[in-house]
Amino acid sequence: MGKIRVLIAKPGLDGHDRGALVISQALRDHGMEVIYTGLRQTPAQIAQAAVQEDVDVIGLSSLSGAHKSLFPKVIDALAERNASDIPVVGGGVIPGEDIPFLLEKGIKKVFTSGSSTEALASYIKQLIDPKEKKLESPTKIAHIGIAVNNIDEVLSFYTDSLGLKVEGVEEVSSEGVKVAFLKIGESRIELLEPIEETSAIKRFLDRKGEGIHHIALEVDELEERLSRLKSEGIPLINEEPKTGAHNSQVAFLHPKAANGVLFELCQHQENRGAE
Ligand code: ZN
């Protein structure tokens, strides 16, 4: 396909377009053709420009707080021109509580003030370019890892009091830990006990004591996902997947990425297709 064509527009009356100009330039740097409508466009003018310029996607920016009325009006104006197939994404100063409403009104995705232009560019590429790999949302919490001093000492709480079933206990020597898996619906609780002084779990226990150590999300396309996270500037502990328990491929994000929470991404064998 040729270059992705993007219309960047600012509906409404707010008079600041520095953000829109920065976004336009960032998307151009990603090889896209960007048409910027300028300030104070009506929803009808924006829809008209999108049709005339034959764009692949519309990016709406709002700082004025009028996004709740103006963004849906752009969706309506596109429908009136039989152009509902042009996806619309929104961004700017948009409080989290408005996002479900905007999605319901037909905005494809809302980028908030913390979003990077890298994340916007890679989203647009995934949306428009059929060659671009689609990264689906994580499908579930694969497990919650809990650091303990001694698995045998705590196991009865999980099995007797909570009634969970022990699925297996295995030593992961590369991590210097013993792991007990307790199944809970589609997910698991993993009790992690250090078996070596050098284990990261040992350091965690020394520093913080027993407790939740990490949350693991089940994903597909782990390698591609890591390189995308890296390009978006998300700090990673593992830039490449490594082999975890049950032959899964895993990688950890740096806790700096998520308010001090350690996230693990894991991809299990059965989700890797016919490799
Ligand atoms: Zn884990």
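Predicted model: local features only at pLDDT ≥ 70, side-chain atom pairs only at ≥ 80, totals over all residues.
The chain has an average pLDDT of 92, and 98% of the residues score at least 70. An open sheet of five strands has parallel pairing, whereas an open sheet of eight strands has mixed pairing. A zinc ion is held by the protein donors His-143, His-214 and Glu-264.

**Confidence**

- Among the elements of the chain, the lowest mean pLDDT, 88, belongs to strand E11 (residues 242–243), while E10 has the highest, 97.
- Residues 271–275 have a pLDDT below 50, and this stretch makes four contacts in the model beyond near neighbours in sequence.

**The five-stranded sheet**

- The strands of this open sheet follow one another in the order E2-E1-E3-E4-E5, and the pairing is parallel.
- Strand E2 (33–36) and strand E5 (109–111) are the edge strands, each of them pairing on one side only, and from one strand to the next the twist averages 25 degrees.
- Four bridges connect E1 and E2 in the parallel sense, with Arg-5 standing opposite Glu-33 in E2.
- E3 and E4 also run parallel and are joined by five bridges; here Ser-62 has Gly-92 in E4 as its bridge partner.
- E4 is mostly covered, since four of its five residues are buried.

- Helix H1 (residues 18–29) lies across E1 and E2, and its direction makes an angle of about 160 degrees with E2.
- Arg-28 is placed in helix H1, and with a relative accessibility of 36% this residue counts as partly exposed.
- Between Arg-28 and Ile-107, which are 79 residues apart in sequence, the C-alpha to C-alpha distance is 22 Å.
- Helix H5 (residues 117–128) lies across E3, strand E4 (88–92) and E5, running at about 165 degrees to E5.

**Nonpolar cores**

- The largest nonpolar core contains 23 residues, and those with the most contacts inside it are Leu-7, Ile-58, Leu-60 and Leu-78.
- At least two residues of this core come from each of strand E1 (5–9), helix H2 (43–52), strand E3 (57–62), helix H3 (67–80) and helix H4 (99–104), and the largest share, five residues, is supplied by H3.
- Leaving aside residues up to four places away in sequence, Leu-60 touches Ala-9, Pro-11, Ile-46, Phe-71, Val-74, Val-88, Val-89, Gly-90 and Gly-91.

**The eight-stranded sheet**

- This open sheet has the strand order E7-E8-E9-E6-E10-E13-E12-E11, with mixed pairing.
- Strand E7 (165–172) and E11 stand at its edges with a single partner strand each, so one side of each strand is left without a neighbour in the sheet.
- E10 and E13 run parallel and are joined by four bridges, and the bridge partner of Ile-215 in E13 is Phe-263.
- On the antiparallel side of the pairing, strand E12 (residues 249–252) and E13 are connected over four bridges, and Ala-251 stands opposite Leu-265 in E13.
- E11 and E12 likewise pair in the antiparallel sense, over two bridges, with Thr-243 opposite Gln-249 in E12.
- Four of the five residues of strand E13 (residues 263–267) are buried, so this strand is largely enclosed by the rest of the structure.
- Helix H6 (residues 151–161) lies across E6, E7, strand E8 (177–184) and strand E9 (187–194), and runs at about 5 degrees to E8.

**The zinc site**

- The donor atoms are NE2 of His-143, NE2 of His-214 and OE of Glu-264, and they lie 2.0 to 2.2 Å from the zinc ion.
- Along the chain, the donors of the zinc ion follow the spacing H-x70-H-x49-E.
- His-143 belongs to strand E6 (residues 140–147) and His-214 to strand E10 (residues 211–218), so the pair ties together parts of the chain that are 71 residues apart in sequence.
- Both His-143 and His-214 are buried.

How values were computed. Residues numbered from 1 in each chain as written. Heavy atoms only, no water. Donors = N, O, S within 2.8 Å, 3.2 Å for Na, K, Ca; no water. Buried < 20%, exposed > 50% of the residue type's maximum accessible area, 1.4 Å probe, protein only. Core = buried A, V, L, I, M, F, W, Y, C linked by side-chain atoms within 4.5 Å. Contact = heavy atoms within 4.5 Å. pLDDT = per-residue confidence, 0-100. Pairing = 2+ DSSP bridges. Axes fitted to C-alpha atoms, helices over the stretch in contact; angles between N-to-C directions.
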